[in-house]
Amino acid sequence: MTPWRTFRWYKGQKHYSGTYWSSTMRDQPSPAELENVRFLAGYRRDWLFDEALLNQVRAMGLDGRTLGELGERLPEREREDIRSAVLHLLWAGEVVTDLSTSISVEVIELAITSNGNEAVLKDGRGKLIRLSVKELLLSDRARVIPERPGPSGHDDEDIAGVVLSQLSEAERDGVRERAAHIREVLTGYRSGTPELAEDGEPRPDYLPDVSLGDRYTSKAAEIGVTVRTIERWVRDYRRGGEAGLAAAGRPARGRAAKADDRWVEMAREVMVEHTGESKPSRTMVIERTRARVIARFGPDVVPQPSRATAFRILEDLEDQHPLFRLSTKRNRDIADRPSGPYGKLRPTRPGEYLLMDSTRLDVFAFDPFTLRWVQAELSVGMDWYTRCITGIRLTPVSTKAVDVAAVLYQSFRPPPAGRDWPHYAVWPEHGIPRTVLVDTAVTERAGASGPVLVPETVVIDHGKPYDSEHLTSVCRRMGISIQPARLRTGRDKGPVERFFRTLREGLLQVLPGYKGPDIHSRGEHPEDDAFFFLHELEAIIREWAAVVYHHRPHASLVDPGLPGLRMSPAKMFEHGVARAGYIDAPRDPNLAYEFLKTEWRTIQHYGVEIGRRRYSGPGLKGLSGIRSPYNGPVKNGWPLQVDPDDITRIYFRDPATRAWHTLVWEHAPSVEMPLSEDALTFARQLAASKYRFPDDRLAVADLLERWNLGLGTTIAERRMALRLSREQAAIELPKGEAETVVSLPSVRKALGQDETPAEPREPDAVTETGDDDEADLEDLADDNDFYADALEDV
């Protein structure tokens, strides 16, 4: 049985590889055989051929038959279809023939028929074939073989535009002058034509009756070169004009450092192995390469380059695989780039892709619950088509799944705009841009802080808050697809990553408490300058996005029909609505319940209990003794929707009427504002340290009293709140992700846990304690010992 042959063929920069059926076995295929393989490759696709026709051709027995005979035995079939079927069977290995000879035909006649121009072809066996001239010239399955050599697209020479564009202006002038001399030698005129003759042309030495050899001699003596040089210039000019002269006079560009390819390949292998390791020195890479070359090929087999040449080789390889110049993190990012061409999702309308991501802000904020300086984490949602920010959520230390769901919910129902926002930054509540409304008076009242979008697909990373059952369930309920980004590939969410940088450079770096993007950019005491509470910082970011970011032209927002027009996210949203139509957002006011966290509890005679909190309401009437119809994680449990930002009330849906009911916490009347779950947890810890038998009512009362002191708006009031938090720093808070932030020295100092005394502060304007305040005297006493902690970290 004839085996399959695997081939690899290099021609210039093109690489051909594959397998084919052959009746011969040689070490190297002949050029004719390779040409036949390229011809048969046009018939390799199975789905393009009629299976019934293939079965008919197989059943006829093809041994020794010609295509003409097959056409006579299958008159109901087109001859072109029969020919294509046979060539497909030849590619598939069901038919064997000798590919060492060219499958070529000769054009013996051109005929004009009712179907157009046709060519009569004659193959190697003398058979005549009719083929349309259009298919003969334009089809990939046939190639015209010229009788004599000429220019071809596969030539090794560069095209004229490439050659001439590499020249400098001085080199172009030299090529033009040399071409003028050659034209004068050949025609007698520097321009090459009598119509553009200069004064005195043709000169006596270059008259038409002067022999070409004498003209060569005269020109060589005129410009000071040899006759052989003039002959070479004429040959190059006749071959390629000015481009031929430029290519002949330009030295070939190659690698500056010449060495054995095996040594270079081994050096590249050693450099690739250090991608995930610490940065090595060039000398170590050279020594390892030399040792590996000797171990693999033997001593004195591969010539070893000199040290200077080896350094130049590594410099050339640095462009292919960076290892020495850039940081190791950057080198790993470059090494992880895909080897093929880059691809990207291309949104075509608003809401098609929603990018969601979280990042640590480079600003310290003030937590009103614990009265401590904390790091904040920002979660945003961005519409890829318009670059509009559709959701913003700022949380202390870390982000939870319910926070991500809240960002997603803001795409459907944006928060209200601020009272003092400019008119152009306020979006209509219904989401329709003002420019497409007939009556704009209806939009004068307060509106939303951002556009209304209905996401079709969310692009998320693999963080725990995003890869959660809560977000997955919400997306499935709302009919939203989830597209996970690749691991450690920030390029998949490039626009939102760029927004984080724009936010840092355009807003955060001018706010008090800015600490820089990394520890090398941090100021001496950035936490001492922190001023804003978390909710204030979130409001500032939201207003900046609506007033500045949404109305600033972006270089990446381009309409393909008007590539020179740069649009802002707000203008791009209007463009998308005009292009794709209005956005039909859900109108159900109970949509928010879909995004809340679900807790399963049993219904008792007093109501339900969640986290030692009891809730009750008219919606639970008559359900305490009824068996739950749900098969949840809690036996006889009922689903309750809980908002962690406001635990004073929870929400219950009656399975019979499908109506939502609000259940109120028993201590809610003592709280005049929303109370978060984190605030209640801290209040309980605070009350436990002060009272022997604390309860939630007492804990909430103490927390509100504490807030009256801590929620100050002046620098003096907030410094007093910070001093109060330092006095209570001994309270053991719940362990969590905050431990990783508290371990930073700057944050420990901001939280009052550092033994190093604080710098002297301005006197508090609210509380007048006089000059004998004990804390101030301790600060002054400690400042005298300036070098007390000089060797503390040694």
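Me: Angles under 35 degrees count as roughly parallel, over 145 as roughly antiparallel, 65 to 115 as roughly perpendicular and the rest as oblique; why are α10 and α11 called oblique to each other?

Reply: This is a predicted model, in which local features need pLDDT of at least 70, side-chain atom pairs count only at pLDDT 80 or more, and totals for chains, interfaces and linings use all residues. Residues are numbered from 1 along each chain as its sequence is written, and side-chain values use heavy atoms, leaving out hydrogens and water. The axes of helix α10 (residues 261-273) and helix α11 (residues 282-297) cross at roughly 120° and come within 9 Å, and α10 and α11 are therefore oblique to each other.

Me: What makes residues of α10 and α11 part of the contact?

Reply: Contact means heavy atoms within 4.5 Å, and the residues that make this one include Trp 263 and Met 266 of α10 and Ile 286 and Val 293 of α11. The residues of the contact divide into nine nonpolar, one polar and seven charged, where Ala, Val, Leu, Ile, Met, Phe, Trp, Tyr, Cys and Pro count as nonpolar, Asp, Glu, Lys and Arg as charged, and the others, Gly among them, as polar.

Me: What makes a set of residues a nonpolar core?

Reply: Such a core joins buried (under 20% relative accessible area, with a 1.4 Å probe and protein chains only) Ala, Val, Leu, Ile, Met, Phe, Trp, Tyr and Cys residues through side-chain atoms within 4.5 Å. The largest has 28 residues, and among those with the most contacts inside it are Leu 361, Leu 503 and Ile 541. A second, separate core of 19 residues includes Leu 70 and Val 86.

How values were computed
Axes fitted to C-alpha atoms, helices over the stretch in contact; angles between N-to-C directions. Helix = DSSP H or I, 4+ residues; strand = E, 2+ residues; numbered from the N terminus. Buried < 20%, exposed > 50% of the residue type's maximum accessible area, 1.4 Å probe, protein only.
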